Every structure is written in structure tokens, then in C-alpha cells.
Amino acid sequence: MSIYHDIPLSQAQDRLRQALQDADLWRVLGVEEIPLDENALGRVTTEPIWAEVSSPHYHASAMDGFAVRAVATNGAMPSAPVTLYLGPDAQYVDTGDPLPEWANAVIPIENVESLDENGEITKEIRKPSSIRIRASVAPWSHVRPLGEDIVATQLVLPAGHVLRPPDLGAIAASGHQTIKVSRKPKVAILPTGTELVPIGSKLKAGDILEYNSLVIAAQIKKMGGEPTRFPITKDDFDLICQRVKEAAQTHDLVLLNAGSSAGAEDFSSKVVEKLGTLLVHGVAVRPGHPVILGVIARSGASRHDEASPWRRGDTISNDEEIASGKTIPRNDVIPIIGVPGYPVSAALTVDIFVEPVIAKWLGRRPLELPIEEATLTRKLVSPAGDDDFVRVAVGKVGDKLLAAPLSRGAGVITSLVQADGLALVPSGTQGMEAGEKIQVRMVRSRSEIEKTILAIGSHDLTLDLMAQFLAEHGRRLASANVGSQGGLVALRRGEAHFAGSHLLDPKDGTYNISSIRQYMPGIPVKVVALAGRDQGLIVKKGNPKGIKSLGDLAGSSGVRGVQFVNRQRGAGTRVLLDYHLNLMTIPKESILGYNQEEYTHLGVASAVASGRADCGLGVAAAAQALDLDFIPLFQERYDLVIPKPFAEDELLAPLFDLLVDARFREAVSMLKGYDVSVMGAVILED
């Protein structure tokens, strides 16, 4: 019903919070008293911790030396030393020793001359007869007075504090041996789906590795909860209901993963309706639109069971439940969240809906990511009615902080791995233009961003190798694949440190220089060759279509040829294709799939491997990576285009070191179809 669908994010969060408040679950779930040891790290205090003793609990020496009365040192100077006798005037103390009651200062041992009974310098520096000093000391010099660190009865830590390593030391110093902390919420994670198979399974067509529960469990653990990963449950309504009932009896929260969209075998909403109250089905947020929020009975009883006590005592309900007279007992329920099956949607759903609940149950503040304002590097299009969370790579280029949007597919888990932050395009906004400012919730530290090299341009497999080698030199490479032309435009706008490019000039057969002058007029650059590489047709193993050349892409007599997959507009590979199609007078319209686009060479290879296409133009290494065949057609040079100020910047120094690094050159040469003889050659320097 409409009440469940496309609810604004804030309303969905309010409904869940209100349901938990009505069930008396919007609070710390329980208190545990645990030993004070390293296992207390990360736990949350449930009450203030007051000091039972002072630290130190006596006047302690802060140095190895001699305890003295400060007044006895008055007048000591290099030219007029003062002699103090052991016993009445001085006493040797080690660091941490209590001071004699009569002493109020310590002279470090290196600042005294130890003397024997004859007044001569002695080697027994810690057991002299007397000491000679050449400078006076002030009262309480080199002394840790009683209570310097902690005074008995003072507040050491407040309630709701997440314990860190130094906190444990402070608690111990204040006289405690145990701590009262909030109980860890127990969270059941139930993956569902007939198509799911465990990690490590031998995959066949249609199988999907079940790793969402692994990611979610790690999220819960990081939040401070105690996750339980249940085995995969097949698409069987009764079986899912039974598994949810079992989980509800011993857990505080059930996360039902997958089966929350509108498919025929998506049972999650029906399970919640049978076992409890469905609060929300569908939230205006992307990724994560089909999320389900509800509450169910901890006892496992269904509100449709004849013996179910659903009308006893205090209740919680939503508007439609009130209208229908259906109620839920407030003291025997737990929340259940239907988590979408796509990996990115699943992870973001847990962050958005589960983290605030876990925080409340633990008694701590919800985690808040630091926010930075960044400039978008390209246009974003978003659904007007949804809050749209966009994964972005972030880099500081010059004095500008830039956000480059990553792949937006809800199933692209690597976009979360590569993301430096999440940018929110709020509901009511249909998108944002390149150059606009956007708020980014940062998942990497500012210091990491300061060491990030941002590359925007053509995709090449060597960039992945480069990222690994740069990491060894204290640099991080973040890249966005927008094609060679897009990379040069990004450089012109000051949005990247360098761009990979291989744009062919059809007039003279040279690479990149004419395009640089066209797209980056007046901007001095340094162009360095990275590698020569083979471009050709990527085809299925065994080349079942018998493809030999570009001529086979189009059939004769108006009959179309094989299914092709292309690169995106502006990609150097597409420019290369168009150049040779023109030379061969092959109309683009005659090629089936010419307008089907991929953004990377591996994307083209994946399309062929999956059967979406019979062939595509790409590099040999991409075919090798997916065990496909390769028909070499052309050789080209792949260059790095670097604006001169960045070429001279210390940030990029390790990049130039790589180009002469024997290990890096060898690693690139191991990729099929790559020639490293040109690596490091300066093609152009303004």
C-alpha cells in the first residue's frame, strides 16, 4: 500500500525510532561489569567513572637524582657551588620513588657532582658521601606531586564514552579493577536467496557468491555490536519465517538480507507482515531504495497464530495497524530490517538505519563522518525524489579539493573500496553540474587525501600496477575512467594531476599532441610515454565467430555482422576505431552494438566473456585477464599528460621514479601486448 512506498529518509528513520520508543527499546539495552583489561577496548561506559584514589598517591620523584630541600640550594652558582651531605641534606631517589617527608625537590643526577668522604669526585655516583651543585632548584622541581594526574573523587570518564587505550590506563590509575559497560547488541544476519552460494564454492552460471553477510557482520562489529551470520536460506516463505523466528529469540535485531524488492520470490515484506508489523517498505534513498523496516515478536509468535497474544498489554502500531485493530505487545518485540541484496545498497542501508540504533543501544553518540566541501569533476544526474548517495574519489589538486564520481551501480562493491567519501545529492535536486560545490562525508582522512594523486582520463591496466607500486612509496593513486578526451578536459579545468591519453591524430598518425593543443590551449605540460600496447579485437575463447578483422563487424549485402561492444565517446580506443572504420569505408550504422558502451578495457572483456557481445576493441592484457582470445590489429602509445606545475611537484616525484624502476617495468612487460621500451621517454615538455 502507498503508505509503505517511497517514504522520505527522515520519515523512515522517525518511524523506526518511534516504534522502538513505543517498545521501550530506544535506550541502552543492558549493563555488564567486565574486568579491566585489553578486552575492554571499544566498549561503552554506562555510568561515570570517578577516581577512587589519587595518581600518584604520594609525592613521587620524576627523575633519577637526589631529593633535597629547595631552600638548601639557594645561592648555588657555577662559580659558587653548594655542597649537600647525604642524610641530613640529600637522599638518592630513582624515578617514581616517594620523596622523604622533609624534601620538596629533586636534582637530576646529571646535574650533580658526586663526592667521596674526602670531597673528591667518586665513581659511586648514586652512593656518594656528599654532592656538589652549581645551580639552585625551585620547590617541587622534578617532582610529581600527589594527585598531579588524578585526584581522588574527580571524574575520570563520563557515561557513554567509547573506551580507548589510554582510557584503560586512566581507569586503572584511578583505582578500578572492573568497568560497567553497555551490553553488546546481538544482531542476526540472515542471507536469503536460492541463487546464493557460500564463499569458496565452484561457481556456475546463475550462482551469486554470498558475501553481503560478511560485509554486514564486519560493519556491526565495528559499530560495537555482536553479529551472528546465519547460513543461506533458500527462497521458501515458510523456511524464511522459521529462520527469522529462531533468530528473534536470541537476538536484539534481525537483518534479513535480499528479497526486499518487487520480484516474485522476494518474501521479506510478507515475512515481516506475518510475524509482526511492517513499518516501511521502500525509502526515497539511492542506493537502498527497497529497504524494509518493521518489528516482530521476540517469542516468534505470529500475529496470525490463533494462540498469539498480540492484543495484550501496551502496543505499538502504524497508522494502518490502528485502523485495522492489529496490535503488537510492546515488551516482547525486536526490530527487523530488510536489507537490499545489492552489495552497495546493503552496506549503505546498514550505515543509514542500523548505526543510529546500535549507537542508542550502546549509549554512545552516532558516528559522524567528517564533512568536506569539494568541487564536482563531472555532471551528476539524480532522481528528483530521492536522497542520492554518490561514491566519490577525492583528491587535492592545487588548492582545490575535488570529488570525482565513481561507478554508481548498486552491485559494484569495489566502488565502496575505491571511495574516499560519500556525496549526498539531496531529494528535490535532479542533479548537479560539473564545477558545483558538494558536501562529501569523508571515509578517508585528510592526511591520506593530501598524499593522493588524482588521475582522470583513459583506462589502462598499468594504472592498477602503478597504484600498487606508488603505495610502497607513500602515495595513493585514485583514478576515474572518463576517456582520453575527458581526461584532457579535466586537466584544463584543474581537476586532476595527470591524465592517461592515447588520442590518435588522423592527419599525421601522431598521438596526443594535437589533442593537447586543442583541449588544453596555453597550458604548459609534460608528456611522458608510459608504454606501447597492442589494440585489437577481444573475442571468445576459440573465436567461434571466426572474426579476423574490423571488416567482419559488418555483414555484406546489408546483412549485419557480429554483436560488438564499443568504448564510450571520447575514449582513445573509440577514436582509433573510428579512424580505421573511415579508412575501410565501413559505416558505423552497419555495426551491431556500435552504440553499446563500456568505460574500461576490462568492461569490454567482461561483456564478451558474459556473452553480451561477440567481440570488442581493447588491449591484449584485458583479453588475457579473462582468458579470452585476442586478434591484434594496431599498435599505439599510451602517454601520461601532466600539467607542468604538477610535474615539478614533490607529490608526483615517486611517479617519475617508477618509470625507471626495474621492478615496475618488469611487471608491466608481463602484461600481454605491452612494450616498455618507450617507458619514461619525454614526448613533449613545454
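Is Asp-252 buried or exposed? I looked this up and found Asp-252 buried, with a relative accessible area of 6%; buried stands for under 20%, exposed for over 50%, and partly exposed for what lies in between (1.4 Å probe, protein chains only).

**Basis.** I note that this is a predicted model, in which local features need pLDDT of at least 70, side-chain atom pairs count only at pLDDT 80 or more, and totals for chains, interfaces and linings use all residues. Residues are numbered from 1 along each chain as its sequence is written, and side-chain values use heavy atoms, with hydrogens and water left out.

**Salt bridges.** Side chains of opposite charge can pair when their charged atoms come close. I counted as a salt bridge a side-chain nitrogen of Lys or Arg within 4 Å of a carboxyl oxygen of Asp or Glu. The search of the whole structure gave 35 salt bridges.

I first examined Asp-252 and Arg-183, whose closest N and O atoms are 2.9 Å apart in a salt bridge. Asp-252 is in the loop between helix H4 (237-250) and strand E17 (253-257), and Arg-183 is in the loop between strand E12 (178-182) and strand E13 (186-191), so this pair ties together parts 69 residues apart in sequence. Helices (H or I, at least four residues) and strands (E, at least two) are DSSP runs, numbered from the N terminus. Arg-183 is partly exposed, at 22% relative accessible area. I also recorded one network, in which salt bridges with shared partners join Glu-372, Lys-396, Arg-446 and Glu-450.

I then turned to Glu-148, which meets Arg-144 in a salt bridge of 2.6 Å, N to O. Glu-148 is partly exposed at 45%, and Arg-144 is partly exposed at 30%. Arg-27 and Asp-24 form another salt bridge, with 3.5 Å between the closest N and O atoms.

**Aromatic pairs.** I looked for rings of Phe, Tyr and Trp (its six-membered ring) with centres within 6.5 Å; planes under 30 degrees apart count as stacked, over 60 as edge-to-face, and the rest as tilted. The whole structure holds 3 aromatic pairs. Phe-66 and Tyr-92 are edge-to-face, at 5.4 Å centre to centre and 75 degrees between the planes. Phe-66 belongs to strand E4 (residues 65-68) and Tyr-92 to strand E6 (residues 90-93), 26 residues apart. Both Phe-66 and Tyr-92 are buried.

Phe-469 and Phe-664 are also edge-to-face, with 5.3 Å from centre to centre and 70 degrees between the planes. Phe-469 is in helix H10 (residues 462-471) and Phe-664 in helix H18 (residues 662-669), so the pair ties together parts that are 195 residues apart in sequence. Phe-469 is buried at 8%, and Phe-664 is buried at 0%.

**Nonpolar cores.** I took a nonpolar core to be a set of buried Ala, Val, Leu, Ile, Met, Phe, Trp, Tyr and Cys residues joined through side-chain atoms within 4.5 Å. Which residues touch the most other members of the largest nonpolar core? Among its 67 residues, these are Met-466, Phe-498, Ile-538 and Ile-642. Strand E34 (residues 525-539) supplies the largest share of this core, 6 residues. A second, separate core of 41 residues includes Leu-255, Val-333, Val-344 and Phe-389.
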